Amino acid sequence: MQRPRRNRKSESIRGLVSETHIIPQQLIQPLFLLDGLNKNIPIKSLPGIAQLSIDNALKTIENCMKLQVNSFILFPVVEDRLKDKEATYSYNPNNFYLKAINTIKKEFPGSCLVSDVALDPYSSDGHDGLVENGKIINDKTLPILAKMSLAQAEAGIDIVGPSDMMDGRVGYIRQELDKNGFHETSIMSYTAKYASAFYGPFRDALASAPKSGDKKTYQMNPANKLEALREAKLDMEEGADFLMVKPALAYLDIIHILKEISHLPIVAYNVSGEYAMLKAAANNGWLDYEKALNEVLISIKRAGADIIITYAAEEYAKFLRTSL
Ligand code: PBG
């Protein structure tokens, strides 16, 4: 008689036949960076995550790297007085974020740093693109994104991460980087980024919510899958090195299909709201955090993600050492 249960009869057999694995080297820890020193401001809607000044960020990076979490995606928390319509602070040589990239690469040359390329953290309109008469102007946004990418490349970023969803930006950024000698700077494209309610805590963290309207003219409709294939094809043609799906959990089918059609590494962004949901339930005693987190991350891997961006990267790497 066929008995599938035979392969489940002990912990060691279950280990032998386990099909999906997560290693800390394939997790990316997001960090929210603040100007100044000695700052550590907890983010209410992201329990366990704080806005950090560079000195504290370096400590977190050191702790993560001891656990073999070597990759970080960096987001700037920009003061309102530095924001304008054209997001000019994003490529200002005095920008603390660019200095932080430089400092981190000097202190930890073995780290891998991913940037955020979009106008919203620096924009007085709170949109990812340039706003004119209430509209997001695609082609006028591209040169700004390119300037931002170049400034980050000069600062030493390993991978630029365009999260803005403007058409043609991957090709445009690739061309500008190459023209300026940065052919080694990679592009991790937010390929299928959906207009999602799960970004709420992130927008609290950066105070970057749109001042008017929403992001539906550039971020994708959660109902659409074919559109993700179209975006992926364009990103591949335009020279992306990584394709990202975001959010992760409600979009496992999209992760799966991109993995099937592309030879590029697939990245899943397990976003702020997904992390916050789990933390909130766990903090109420409603579920076992460690087990639930493991199940969530395993499901994202099983769907086809090679790399996972998660606020729980450091925490999960600790669990891997101790209990999982
Ligand atoms: C913005 C950006 C967002 C996130 C990453 N980059 C928010 C948005 O598009 O409004 C969200 C990440 C998260 O929720 O964890 N360019």
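Let's start with two helices. The axes of H4, residues 138-155, and H5, residues 169-179, come within 9 Å of each other. They cross at roughly 45°. The crossing of the two is right-handed.

Which residues of H4 and H5 make the contact? From H4 we have Leu142, Pro143, Leu145, Ala146, Ser149, Leu150 and Ala153. From H5 we have Arg169, Tyr172, Ile173, Glu176 and Leu177. Sort the H4–H5 contact by class and you get 9 nonpolar residues, 1 polar and 2 charged.

One caution before I go on. This is a predicted model.

Now the ligand. How many residues surround it? The count is 18. The closest are Lys193, Arg203, Lys246, Ser272 and Tyr311. Let me take three of these in turn.

Lys193 first. A polar atom of the Lys193 side chain sits 2.7 Å from a ligand oxygen. Next, Tyr311. An N or O atom in the Tyr311 side chain is 2.6 Å from an oxygen atom of the ligand. Then Lys246.

Is the peptide bond from Lys246 to Pro247 cis or trans? It is cis, with omega near -10°. Pro247 belongs to the loop between strand E10, 242-246, and helix H8, 252-261. So much for that end of H8.

What does Leu264 touch, leaving aside residues up to four places away in sequence? The list is Met236, Ala240, Asp241, Leu243 and Asp306. Take Leu243 from that list. Leu264 and Leu243 are 21 residues apart along the chain, and their C-alpha atoms are separated by 6.7 Å.

Ala87 is not a glycine, yet it has a positive phi of about 55°. Where does Ala87 lie? In the loop between strand E4, 71-76, and helix H3, 96-107.

Technical notes. Residues are numbered from 1 along each chain as its sequence is written. This is a predicted model: local features need pLDDT of at least 70, side-chain atom pairs count only at pLDDT 80 or more; totals for chains, interfaces and linings use all residues. Side-chain values use heavy atoms; hydrogens and water are left out. Axes are lines fitted to C-alpha atoms, for helices over the stretch in contact, and angles run from 0 to 180 degrees between N-to-C directions. Helices (H or I, at least four residues) and strands (E, at least two) are DSSP runs, numbered from the N terminus. A crossing is left-handed if the near helix is turned anticlockwise from the far one by less than a right angle, and right-handed if clockwise. Contact means heavy atoms within 4.5 Å. Ala, Val, Leu, Ile, Met, Phe, Trp, Tyr, Cys and Pro count as nonpolar, Asp, Glu, Lys and Arg as charged, and the others, Gly among them, as polar. A residue is near a molecule or strand if one of its heavy atoms lies within 4 Å of it. A polar contact is a pair of N or O atoms within 3.5 Å; within protein, one must be able to donate a hydrogen and the other to accept it, and residues adjacent in sequence count only if both atoms are side-chain atoms.
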